[in-house]
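Visitor: Could you walk me through how to read burial and contacts in a model like this one?
Guide: Gladly; let us look at it together.

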Amino acid sequence: MKGLVQEIIADLKSYLEYLKGLGIVGLPVSEGKEEMVPSLEEVQKEVGDCRRCKLHRTRRTLVFGEGNKKAILMIIGEGPGYEEDVQGRPFVGKAGQLLTKILQSIHLQREEVYIANIIKCRPPQNRNPEPDEIQTCYPFLLRQIHAIQPQIICALGTFAAQTLLKTDAKITTLRGKFYDFSGIKILPTYHPAYLLRNPERKREVWEDMKQISKWMTDHVGIPARPADEDSHREKASHPVGENMR
Ligand code: SF4
C-alpha cells in the first residue's frame with residue numbers, strides 16, 4: 001500500500017512538473033463527474049515543436065507516436081532511431097520490421113495497436129536517453145496513455161520497462177511478468193533491436209507475446225482463433241520463434 005501511495009505521488013509530481021512546463025500553475029477543478037480525458041490531438045498540440053530538452057537540437061523529426069487511438073494494446077519503446085528520425089514514425093527501421101512480425105505472431109496488425117516511445121526525439125548516435133531527457137519527455141507519454149486508455153501495455157526494453165515501472169531492475173528480471181500501472185496491465189519484454197543482436201532471445205519474447213495474447217482473450221474478449229493456435233504450437237516447437245524471423 002505504501003509503495004502504491006509513493007507511486008501515485010511520484011506520478012502526480014511528474015504531471016505537475018509537466019503542467020508547470022506548459023505554464024499552468026493551478027489545477028482545473030471539475031464541477032461535474034466527468035473525468036477530463038485529453039484527445040491525442042490535444043496532446044500532440046501540447047507537444048508541438050517541442051524544445052523542452054536538449055534532444056531538440058540534434059533531432060531531425062519529432063516522433064510523436066502512431067496507431068489506433070482506441071487501442072487495447074499499447075506498445076512503448078525507448079526512443080526514435082535513425083530511420084524513425086528521418087520518417088517521423090515510430091519503429092520503422094529493422095527493429096520496427098521485427099516488431100511488426102512480433103505483433104503478427106499474435107495476430108495483430110500494427111494499425112490495431114498504438115506505438116510510442118519514452119522519448120520523442122532521437123538521441124545523437126542512438127545513445128541511451130539521459131535521465132533529464134526522460135524526465136522532461138515522459139509526462140507527454142503519460143498524457144498519451146491517458147488519451148488512449150489502453151488496457152494493456154507492452155514495454156519494450158530496459159528504458160521503457162524501468163521508466164514505466166519506476167525501478168532499476170534489469171529487463172531480464174522484469175520481462176515476462178504482469179505489473180499494474182494505475183489499473184493498466186504492463187508486460188515488459190526485450191526490445192526488438194536487442195533481438196536483432198541476440199536472436200537466441202526470440203523464444204522468450206515469443207512466450208511473452210503469447211501471455212499478452214492470452215490476457216487479451218481472457219479479459220477483453222478478443223476471440224481465440226483455433227487455427228492460429230495450431231500454428232502457434234507448430235512454431236513453438238522450433239528452437240526460436242520462427243514467425244518472428
Ligand atoms: S525528447 Fe521530448 S522533451 Fe525532449 S525535445 Fe523531444 S519531445 Fe521535447
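Guide: Start with asparagine 126, which counts as partly exposed because its relative accessibility is 43%; buried means under 20% relative accessible area, exposed over 50% and partly exposed in between, with a 1.4 Å probe and protein chains only. This is a predicted model, where local features need pLDDT of at least 70, side-chain atom pairs count only at pLDDT 80 or more, and totals for chains, interfaces and linings use all residues. Residues are numbered from 1 along each chain as its sequence is written, and side-chain values use heavy atoms, with hydrogens and water left out.

Visitor: Which residues does asparagine 126 touch, not counting those up to four places away in sequence?
Guide: Contact means heavy atoms within 4.5 Å. Here the partners are Pro80, Gly81 and Tyr82. Glycine 81 is 45 residues from asparagine 126 in sequence, yet their C-alpha atoms are 6.0 Å apart.

Visitor: Is helix α6 largely enclosed or open?
Guide: Helices are DSSP runs of H or I with at least four residues, strands runs of E with at least two, numbered from the N terminus. Helix α6 (residues 157–165) is largely enclosed by the rest of the structure, because 7 of its 9 residues are buried. Among them are Phe159 and Leu164. The cover over the buried residues includes β2 (73–77), α5 and β4 (152–156).

Visitor: What does leucine 164 contact beyond its neighbours within four places in sequence?
Guide: Its partners include Ile76, Tyr138 and Phe181. Just after α6, lysine 166 takes a positive phi of about 50°.
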